[in-house]
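User: Hi! I've got a protein to look at for class and I'd like to go through it with you. Can I show it to you and ask some things?

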Amino acid sequence: MSRTVSTGHGQGSVQPQESDSRLASEAAGGTGRPRSPLGETFGRYMVPLLFLVLTAYFAITLPNFRTSVNLVSMADAQSIILMLAIVGCFQLRMGEFDLSIVSTMVLSGALVARLTQEGHGLTTCLLAVGLAALVIGTLAGFLVVVLGVDAFVTTLGINTLTSGLVYWVTGSTAVVTVPDPIVSLARTEVLGLTSATWSGWLFVVVAWYVFDFTPLGRHLLFVGGNRDVARLAGVGVDRIRFLGFVGAAIVAAFIGLLLLGQLGAADPSTTNQYLLPPFAAVFLGAATIRLNQFNALGTLFALYLLAVGVTGLQLMGAPTWVSSAFNGIALVVAVTLARLAGRKLVTA
């Protein structure tokens, strides 16, 4: 089936795949002209190569690093961040920045812990979590998509508001009443790895499939690259953006259940701990595998590169502040590389 699109250069009947391919190139900011094969290959696989080199170096020089206990612990510790990063990857791929997913995640766990403490059943807890996520996602979507408020400012405000609600719900203290099914949801082991770790990898597989093999993945790219062109191609831009905020909040609430089960308590101070690492991984991931595109496999390699770097430095005796400094430097480098890659695409 063909369809008629207008791109500002006249109208014509084009096949959907041809249109999608051309629009994807425009969305990525490219002109379709070839670049240096060596430079493209190096840029595409730089992060995976650094990950392998760092892993090999620490495995050779640090006996404690190469133990199965450390490797399993490292993967488990990154599971929540990985899932948040994938949610952020969806948002950034369609050109939006959603900071509220972290506080939504923490609020989800806080509601379950507090309602359980007051004697409510698991069904009531889940309904409350789902309703809270729906309200937060709808509020963000309404302000950004309907009213046109900047997404960064809007979600930063919602993140601050929700963080305050977390302190109100928990009474500013850790709440340790966690239902057993929630604990099992996060800690059940399969092949020596917890279900939270497997969930994180499942998120990556689903995102990779959606981005690379479904119309939704291409539409997200179009919306993030050029909304006017996407509208002319018949893509429901505002519908995708609005549902993106709602979906991100609901998935973040689910991740909050896994975090609650993993920690065994709802701690209101955890919001800041999870705010920077997911976005550092997503931006660094956009500079690898698929250059200048937010992608699932790049995010996975970037996150584990950061985790290996931080773990290795800590095992070498580095102070605890190194973790934040390492993630901050990685985020700056990642954004710079993504910016340079985008400029290269435009000028190639």
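This is a predicted model: local features need pLDDT of at least 70, side-chain atom pairs count only at pLDDT 80 or more; totals for chains, interfaces and linings use all residues.

User: Among contacts between residues at least 6 apart in sequence, what percentage join residues at least 24 apart?

Analyst: Start with the parts list: the protein has 15 helices and four strands. Contact here means heavy atoms within 4.5 Å. Taking the contacts between residues at least 6 apart in sequence, the share that joins residues at least 24 apart is 74%.

User: How much of the protein counts as buried?

Analyst: A residue is called buried when its relative accessible area is under 20%. The chain has 348 residues, and the part of them that passes as buried is 48%.

User: Which class of residue makes up the contact of helix 9 with helix 14?

Analyst: The axes of these two helices come within 8 Å and cross at roughly 145 degrees. From helix 9, Trp201, Val204, Ala207, Trp208 and Phe211 meet Ala296, Leu297, Leu300 and Tyr304 of helix 14. Sorted by class, there are no charged residues and no polar ones, and the nine residues there are nonpolar.

Technical notes:
Residues are numbered from 1 along each chain as its sequence is written. Side-chain values use heavy atoms; hydrogens and water are left out. Buried means under 20% relative accessible area, exposed over 50%, partly exposed in between (1.4 Å probe, protein chains only). Axes are lines fitted to C-alpha atoms, for helices over the stretch in contact, and angles run from 0 to 180 degrees between N-to-C directions. Ala, Val, Leu, Ile, Met, Phe, Trp, Tyr, Cys and Pro count as nonpolar, Asp, Glu, Lys and Arg as charged, and the others, Gly among them, as polar.
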